[in-house]
Amino acid sequence: MATCKQIYDNMYSYLDGDLTSGQKHTVDNHIKKCKNCKTYLHNCETVNHILELMKDIPMDNEQE
Ligand SMILES: [Zn+2]
């Protein structure tokens, strides 16, 4: 049984698809049972989504 800390440590890898299928399965199983980690995963997804959106913003506002 994975601890919440293990899940937290793997969360971004999970979202990036960098985990092995075994590790991914562990996270999936834990999240089904653990409300805290489910909420945390949701927050990470939101952050990831914002970071994706920011990639598309041109960084040309350095001219003064
Ligand atoms: Zn947990």
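Is the crossing of α1 and α2 left-handed or right-handed? The crossing of α1 and α2 is left-handed; a crossing has this hand if the near helix is turned anticlockwise from the far one by less than a right angle, and is right-handed if clockwise.

This is a predicted model, in which local features need pLDDT of at least 70 and side-chain atom pairs count only at pLDDT 80 or more, while totals for chains, interfaces and linings use all residues. Residues are numbered from 1 along each chain as its sequence is written.

**Helices and their packing**

Helices are DSSP runs (H or I, at least four residues) numbered from the N terminus. Axes are lines fitted to C-alpha atoms over the stretch in contact, and angles run from 0 to 180 degrees between N-to-C directions.

| Pair | Axes | Angle | Hand |
|---|---|---|---|
| α1 and α3 | within 10 Å | roughly 30 degrees | right-handed |
| α1 and α2 | 10 Å apart | about 115 degrees | left-handed |

The axes of α1 and α3 cross at roughly 30 degrees. That makes α1 roughly parallel to α3, a label for angles under 35 degrees. The residues of α1 in this contact include Cys 4, Tyr 8 and Leu 15, and those of α3 include Asn 36, Tyr 40 and Asn 48. Two residues are in contact if their C-beta atoms, placed from the backbone, lie within 7 Å. Between α1 and α2, Ile 7, Asn 10 and Tyr 14 meet Gln 23, Lys 24, Val 27 and His 30.

Helix α3 covers residues 35-55. At 1.5 Å a residue, its 21 residues should span 30 Å, and its end C-alpha atoms are 31 Å apart, which agrees; the expected span is 1.5 Å times one less than the number of residues. Of these 21 residues two are buried, so α3 lies largely in the open. A residue is buried if 20 or more other C-beta atoms lie within 10 Å of its own.

**The nonpolar core**

A nonpolar core is a set of buried Ala, Val, Leu, Ile, Met, Phe, Trp, Tyr and Cys residues joined through C-beta atoms within 7 Å. The largest one holds six residues: Ile 7, Met 11, Tyr 14, Val 27, Cys 37 and Leu 41.

Val 27 lies in helix α2, residues 21-33. Val 27 is buried, with 20 other C-beta atoms within 10 Å. Val 27 and Met 11 are 16 residues apart in sequence, yet 8.0 Å apart in space, C-alpha to C-alpha. Beyond four places in sequence, Val 27 touches Ile 7, Asn 10, Tyr 14 and Leu 19.

Definitions and conventions
Buried ≥ 20, exposed ≤ 12 C-beta atoms within 10 Å, placed from the backbone. Parallel < 35°, antiparallel > 145°, perpendicular 65-115°, else oblique.
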